[in-house]
Amino acid sequence: MKRFHDLRIGTKLLLGFLLVAVIAGIVGVEGIVNLNGINNRGTFLYEKTTKPLAQLAALSTAVEKMRCDVADMVIATSKSEAEGSLSDARVQDSVIKAEGKNYQLTFINRQDKNSYNNFWQKYRTYRNQMGRYAQMILSGNRGQAIIMRKTVLNVAQRPVVSQLDAMINMNRD
């Protein structure tokens with residue numbers, strides 16, 4: 001300590017500034033390391049939570065639009081109008097497939113994958129029933145199509161919507 005008191009005032013000031021600079025450097029390095037960690041967690045949060053919720057919302061919207069297009073087929077006043085509604089439903093089917101592929105890239109665990117596979121299994125069943133329904137309408141069997149819409153098609157669609165809701169809740173929590 002005597003040596004420090006014997007130093008000239010300029011040297012003492014210089015040592016003090018160097019000590020403050022070293023402390024500031026340590027704090028700065030710690031801050032940069034923590035910022036990188038926050039950035040990584042933010043990226044994960046966006047890519048694995050926010051993005052999937054947007055894709056699930058798009059899937060859900062497309063399923064509901066498809067349901068409306070299917071319902072429009074039975075009230076169509078002509079075969080060409082029914083074909084137009086079927087074409088609109090096929091557009092929604094393409095949206096569902098595209099968003100499904102995008103959603104696959106966001107899985108974070110096995111539960112995500114299983115839930116997604118359950119959705120596709122239920123969706124395929126619904127889509128197959130919708131194809132049968134469309135053929136009935138286009139071939140002029142409107143009465144049978146109405147009965148199918150109220151029974152088989154509704155039964156096939158409910159699990160699709162329920163599975164989507166479960167996937168949204170799983171990603172939200």
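Contact is defined here as heavy atoms within 4.5 Å. The structure is a predicted model, in which local features need pLDDT of at least 70 and side-chain atom pairs count only at pLDDT 80 or more, while totals for chains, interfaces and linings use all residues. Residues are numbered from 1 along each chain as its sequence is written, and side-chain values use heavy atoms, with hydrogens and water left out.

Helices are DSSP runs (H or I, at least four residues), numbered from the N terminus. In H2, Leu59, Met66, Arg67, Val70, Ala71, Met73 and Val74 meet Phe119, Tyr123, Tyr126, Met130, Tyr133, Ala134 and Ile137 of H4. By class, this contact of H2 with H4 comprises 13 nonpolar, no polar and 1 charged residues (nonpolar: Ala, Val, Leu, Ile, Met, Phe, Trp, Tyr, Cys and Pro; charged: Asp, Glu, Lys and Arg; polar: the others, Gly among them). Helix H2 (residues 9-75) packs with H4 at an angle of about 20°, the axes being 10 Å apart; axes are lines fitted to C-alpha atoms over the stretch in contact, and angles run from 0 to 180 degrees between N-to-C directions. H2 and H4 are therefore roughly parallel (angles under 35 degrees; over 145 counts as roughly antiparallel).

Helix H3 (residues 79-104) packs with H4 (residues 110-138) at about 170°, with axes 12 Å apart, and the two are therefore roughly antiparallel. The contact of H3 with H4 has 13 nonpolar, 2 polar and 7 charged residues.

Gln157 lies in helix H5 (residues 142-172). At 7% relative accessibility, Gln157 counts as buried (under 20% relative accessible area, 1.4 Å probe, protein chains only). Beyond residues up to four places away in sequence, Gln157 touches Val63, Glu64, Arg67 and Tyr126.

Technical notes. Parallel < 35°, antiparallel > 145°, perpendicular 65-115°, else oblique. Buried < 20%, exposed > 50% of the residue type's maximum accessible area, 1.4 Å probe, protein only.
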